[in-house]
Amino acid sequence: MSKSSIDPRSRILLNDSPDTVREKIKAALTDSIDGLSYNPEERPGVSNLLLLMSYMDASHRSVEQIATEGQALSMRAFKEEVAETLIKGMTDLREMYIYFMDAAQSQYLRDVAAAGNEKARLRAEETMGRVRGIVGTDGL
């Protein structure tokens, strides 16, 4: 998984369906070494999947715990477990994203952005007033 790659399969998006998440994890590049271990230099693909799983793991297991507990898993079974963990962990976020990106909610987002814009404008105006006073250009 890589957010800098132009390949859309290289990252998991909040609006990806569960089936898409499964496909992306299944296609993730790993190695043919038996077992699981966290070693970003020698096993970058497996290490990345372990990290992703640890971030979304409901039990808050570390990468080391997940690797130890998954020693007997095949890479296919491990990827299935990673996908299911991500799908469960992202469900609420995905639903909120879809809700707020819905056309009916777009006015709410525009209102929030406008309020933030106004707040930032007032703050910047106040700051620039102080700067002009200090520099001596407040009367110009």
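User: How big is the largest pocket, and which residues line it?

Analyst: This is a predicted model. The volume of the largest pocket is about 170 Å³. Its lining consists of Arg22, Lys26, Arg76, Lys79, Glu80, Ala83 and Glu84.

User: What makes a residue count as lining the pocket?

Analyst: The cut-off is an atom within 4 Å of a pocket point. Arg22 and Glu84 are among the residues that line this pocket.

User: Which helices supply the lining of the largest pocket?

Analyst: α1 (18-27) and α4 (75-101) each supply at least two residues. α4 gives the most, with five residues.

User: How do the lining residues divide by class?

Analyst: Six are charged, one is nonpolar and none is polar. Arg, Lys and Glu count as charged, and Ala as nonpolar.

User: Why is His60 called exposed?

Analyst: The cut-off for exposed is over 50% relative accessible area. His60 has 68% relative accessibility, so His60 counts as exposed. His60 sits in the loop between α2 (44-56) and α3 (63-69). Its phi is positive, near 60 degrees, in a residue other than glycine.

User: Which members of the largest nonpolar core touch the most other members?

Analyst: The core has 18 residues; Ile25, Leu36, Leu49, Leu50, Phe78, Val82 and Leu86 touch the most other members. α1, α2, α3 and α4 each supply at least two residues of this core. α4 gives the most, with seven residues.

User: What does Leu49 touch, leaving out residues up to four places away in sequence?

Analyst: Leu49 touches Ile25, Ala28, Thr30, Phe78, Lys79 and Val82. The contact cut-off is heavy atoms within 4.5 Å.

Definitions and conventions
Residues numbered from 1 in each chain as written. Predicted model: local features only at pLDDT ≥ 70, side-chain atom pairs only at ≥ 80, totals over all residues. Heavy atoms only, no water. 1 Å grid on protein atoms, 1.4 Å probe; cavity = no way out; pocket = protein on both sides within 12 Å on 5 of 7 lines; lining within 4 Å. Points joined across faces, edges and corners; volume = space filled by probe spheres on them. Helix = DSSP H or I, 4+ residues; strand = E, 2+ residues; numbered from the N terminus. Buried < 20%, exposed > 50% of the residue type's maximum accessible area, 1.4 Å probe, protein only. Core = buried A, V, L, I, M, F, W, Y, C linked by side-chain atoms within 4.5 Å.
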